[in-house]
Structure formats: C-alpha cells, structure tokens
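Please look over the sequence and the structure shown below before reading on. The report that follows takes up a few residues, the two chains, and the contact between them.

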Amino acid sequence: MQLSTFQDGFSAAMLGPATDAPWLSALESQPGFAVYRNTVLKGCIDALQANYPTVGQLVGDDWFRAAAAVFARTQPPRNGLLVSYGEGFADFLAGFAPAAELPYLSAVARLDRCWTECHLAANATPVDCQWLAQQTPDTLPLVHLRPHPAARWSWCDEHPAYALWHSHREVLHPNEALEWTGDGALLTRPRAEVVWRPLSRAGVAFLDACAEGHTLETAATSALNVEPTADFAALISTLLDAGALIPTDSRTG
Amino acid sequence: MAPALTAGLGLKPQHYDEALRCTAPGLWWEVHPENYLAYGGPRLAWLEAIRARHPVALHGVSLSLAADAPPDAAHLARLAALARRVEPAIISEHLAWSTWGRQYLPDLLPFPRTQAALQRHADNIARTQDVLQRPIAIENPTHYLHIDGHDWLETEFLAELVRRTGCALLLDVNNVYISANNLGFDAQAYLDAFPLHAVTEIHLAGHHADPVHGDTLLIDSHDAPIAPAVWALYAQVIARTGPVPTLIERDDQLPAFSELLAERDQAHHALTAAQPEEAACN
C-alpha cells in the first residue's frame, strides 16, 4: 500500500469514523487503535482548554471538554503550534446550540483569543509620553501611528464581556450589581507580560483607524464621531501608557 | 570524563522559577520547539533566560517526517530561526507522522515501514538537516498496533536512515519497553539490534496500563515515575554505550520539582558511573 493511502485512511479515522477499507478495519479492531484516537482528541481538547481558560471557568470542565470535542472534530488544528490553536472557537460558540443560554460566551472567548494573540506576537518598542512631547502641534495631526503588533482590542455591544472576562482572569468576585451594558477591552504587552484595561468605544474606533493606516487627525475624528463626549487627551494617555502604538517606520521582531 | 550534559528534564512552565535557579551538575532542559515558535513575547524570553544558564535541547513533535510529503517549509524556517537563537545542544524528532492533508493530529502516528517510506523519510530528514545545517536525532516511537506490510524491522530501518542521512538517534527506552509489551516482542533483543553507535540522546519516562485492557496494553502517558523494568533496561544500554545525555520526560500529573529532580539525579548518578564500552573492555 502507498504511504499516502495509509495516511489518508488513518488520519480520517482519527477524528471521524473509519472508512470501510479492510486494512483499516483490521487496525480499528485492535484495542490499540483507540489509544491513538484518544490521544489525538485529548491533545486538541487540552490545547483549547489551555487557550480558552476564561470560557472554561464560566462553563466548567465537563461542558468545556464536550464543546471542545465537537469543535476539534470540525476544525482540527492546521499545524503543530497548538499554543495558538482554536482561532475559530469564538465563532463556533456563537453558533453552538448548547451555548444559547450563555449568549456572552462567544464574546468572552474572543477576549481569551486576544490574550493568546497578544502573548505570542512580535516585540516592538511603543511610543510613549516623551515621544508625544517631542511632536509639534502643527505636524502631530498628520503623524501616522500603528497599533503595536501585540495590541488587541475588542468591543461587545450587548454584554459586559470585558467585565466578566476581567473578573475571572483576576479571580475577583463578579460584582453582583454588574451593569449589563456593552464594554470594550485593550490587551497589550508593554513589558514582558500581557496586561489589560477597559477601552471606550472612542478608543476602539481610534485603534481601528490607526490599523487602517489613517493619520492621528483622522483617527481622532473617528473616535469623536462614535463618542462625541470622549476625553481625547485621556484616551491618548491611556493608549501610550498601555504601549498600544508604534511609529509606522518601526521594525518588529 | 563525564560529558557536559548528563541527565536533563523537560521544561514545564509550572516549574519555571525552580528550573532557572537549579544548579544540579550536568543538568539540561528539553522543550518542544512548537511551544516557543512565537514571534516574540514572554515565552521566548523565558527560554532565553533558561538557555543563559543551562544547555537546552529542542525536541520536535510536529515535523511529521514519516509523512508522504516534505516537512512544511515555513515551519522549518521558524525552527531554524529558533535554533539560531538558543543554539540547542541537540535537535530531535520522531519516526512518526502527525500532519497530513492540512490537519495536525496531535500524536505520533505509525506507518508501514516499506521501501518507499524509507526513501521518503530519508529525504525528509535530509531536507530538515539541510535547513538546520546540522544533524538531527530520530526517536523510536511507541507502538500500539500490529500493522501489516512492513518491509523493514524498526531497528534496521533506523540504521538505514543513519546510513543514508548521517542523522543521529534518540533511543526512548520506555517506548521500547511499552512497544515490546504491546506487540509481543523481546525488548532485550530489540536493544541488542539497535544501532547504539548512533545514539546521542536517551529518553526515560513513566507509563501506565490501559484502564480497560490492563497490562496487555501499556500507554506512554509520561504521567508517572519511571518503572523499575525501564531503569533496568536503561542500565544495560548505558553499560554498552557509556554516558549518553538522558532526559526524564514528565508531561502529566506533574509532581513537585524536588521529586522530578530526585529522579533526574538517579539518571545523573548512573551516567557518571557509566564507562564507555571500550573502557569497560580494557
């Protein structure tokens, strides 16, 4: 038998039912076949559990592992970098019928994903207050800054996803009087580790505009369009403090 | 003279601070490069801090060298970049496959050792060594299945890969013990036939019996102390090879660091007492 034929049959039988080939049935009938199947599925589920810890805390181990098994069978890892496996898990949860009673789960998963991407992204030196002080008022509006490669931001209209996520990440007791309104988050890596803070709609619009390559003036206009009462100076201070922005000519690595 | 590397441990994030501080003689650390192929950030910084104090080995699990396809070029390039960064003492992979048809199946999967598979495997090793600019060590896998269609015994297959590619071998003694048990061959005879001259690293680990099938099906679980029978096989191997860098693998049910270090020290003492075969004959 060709090696590729063997691999086609064997790999299909790892996360799904075996095809009808006699050679594969002969393997599947041996007790050892289940060892491979169990190891493959466990590897996928363990990786998802490591990469979505807040979702895991919200739903418990059994629920999480059952959902992760369904996800793994439909979207197995594409490469061996399991530290970044599960890119589509938030979208999967949004359409996963058993999660219908937890409509915020997908938005919380998106924040877990933001953490993973922030954790693994390239290094770069962000601009800081000193940089800002060196700019002249007439050139500053035309400056292009872009988001730091590790910066991730997210907005959820319907649920306080960040408040939920944050309280579980920091093992706080969720505030019983939690105001059920949308919120946003910014995750950055100003020094070694990932840090997070709330982000306003204006901040989200500002970073979106920077990511699209707009000038500071255009980005500021976008921010004030979505939130006319935003304190722009405070927003810039927050973004610089978080290390969220780098100059456009910055090298990353 | 004892080699610079004696017995090492797999680096676990839970033990990171203790790993950094530990000054046990001959200690080295092994990592799966897949966990450190980040573009930047704290993982690489952790690894570089460890590397500043101890030798490090990269033990790959996803190059899929036994697949009927070349290893992923982008993955190889990133592995080479990591190797330039940490200058590992050893780079190793497996006699197995895991990536196929745009899927990664997180396990080390078996295949019929045919003539064509040998050629493909040798090509894949050669390509990897070309990119890395150094030999890699290939590890004997754990077996759970009787597969029809082998043209080669595993020991001969490995010897032929060494001959064709100049690669080294990583002998996992626990894998030999488990495979011998599961497939019904003699572990001692397998080790007698193993091309020990090419072995540059040894792995030791714990295993457990399958919950349904019991001792007839042992699982390479890396979640327990090394079994006495595996220690005994190991003693026989190093009596013949002399000291070879030896790694204790523990990936699940992690005990306290001190417990892992005690197991490591046992291997360290065995290695410092072991003499090369030539010396033993004199």
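This is a predicted model: local features need pLDDT of at least 70, side-chain atom pairs count only at pLDDT 80 or more; totals for chains, interfaces and linings use all residues.

B:Q133 is found in the loop that runs between helix 4 and strand 7 (137-139) of chain B, and its phi angle is near 60 degrees, a positive value in a residue other than glycine.

B:Q253 counts as exposed, because it has 11 C-beta neighbours inside 10 Å.

## A buried tryptophan

When residues up to four places away in sequence are not counted, B:W28 touches B:L5, B:G8, B:H54, B:P55, B:V56, B:A57, B:A89 and B:P245. As for B:A209, which is 181 residues away from B:W28 along the chain, the C-alpha atoms of the two residues are separated by 30 Å.

## A hairpin in chain B

Strand 10 of chain B and strand 11 of chain B form a hairpin, with three residues between them. How do strand 10 (residues 208-210) and strand 11 of chain B run, and how many bridges join them? The two strands run antiparallel and are joined by three bridges, and in one of the pairings B:D210 has B:G214 of strand 11 of chain B as its bridge partner.

## Chain B as a whole

The secondary structure of chain B comes to ten helices and twelve strands. Along the principal axes, the C-alpha atoms of chain B fill a box of roughly 50 × 45 × 45 Å. A compact globule with 282 residues would have a radius of gyration near 19 Å, and chain B has 18 Å, so the value agrees with that expectation.

Of the 282 residues of chain B, 48% count as buried. Among the contacts in chain B with a separation of 6 or more, 76% are accounted for by residues 24 or more positions apart.

## Chain A as a whole

There are twelve helices and five strands in chain A, and the C-alpha trace of this chain spans about 75 × 45 × 30 Å along its principal axes. For a compact globule of 253 residues the radius of gyration would be near 18 Å, but chain A has 23 Å.

Of the 253 residues of chain A, 42% count as buried. Among contacts in chain A between residues at least 6 apart in sequence, 66% join residues that are at least 24 apart.

## Helix 5 of chain A

Helix 5 of chain A covers residues 61-74, and at 1.5 Å a residue its 14 residues should span 20 Å; its end C-alpha atoms are 20 Å apart, which agrees. Which residues of helix 5 of chain A are buried? They are A:A67, A:A68, A:F71 and A:A72, and these residues cover an arc of only 140 degrees around the axis, so they sit on the same side of helix 5 of chain A. In general, an α-helix has 3.6 residues a turn, so residues three or four places apart point the same way.

On the other side of helix 5 of chain A, A:D62, A:A66, A:V70 and A:T74 are exposed. The buried residues of this helix pack against helix 1 (3-15), helix 3 (32-51) and helix 6 (89-94) of chain A.

## Where the two chains touch

The contact between the chains takes 43 residues from chain B and 38 residues from chain A. On the side of chain B that touches chain A, the elements that give two or more residues are helix 2 (42-51), strand 5 (97-100), strand 6 (103-109), helix 4 (115-132) and strand 11 (214-219) of chain B. Strand 6 of chain B gives the most to this side, with six residues.

By class, the side of chain B that touches chain A has 22 nonpolar, 14 polar and seven charged residues.

Methods. Residues are numbered from 1 along each chain as its sequence is written. Chains are lettered from A and ligands numbered from 1 in the order in which they are written. Helices (H or I, at least four residues) and strands (E, at least two) are DSSP runs, numbered from the N terminus. The expected span of a helix is 1.5 Å times one less than its number of residues. A residue is buried if 20 or more other C-beta atoms lie within 10 Å of its own, exposed if 12 or fewer, and partly exposed in between; C-beta atoms are placed from the backbone. The arc is that of the directions from the helix axis to the C-beta atoms. Two residues are in contact if their C-beta atoms, placed from the backbone, lie within 7 Å. The radius of gyration is taken over C-alpha atoms; the globule rule is 2.2 Å times the number of residues to the power 0.38. Ala, Val, Leu, Ile, Met, Phe, Trp, Tyr, Cys and Pro count as nonpolar, Asp, Glu, Lys and Arg as charged, and the others, Gly among them, as polar. Two strands pair if DSSP finds at least two bridges between them.
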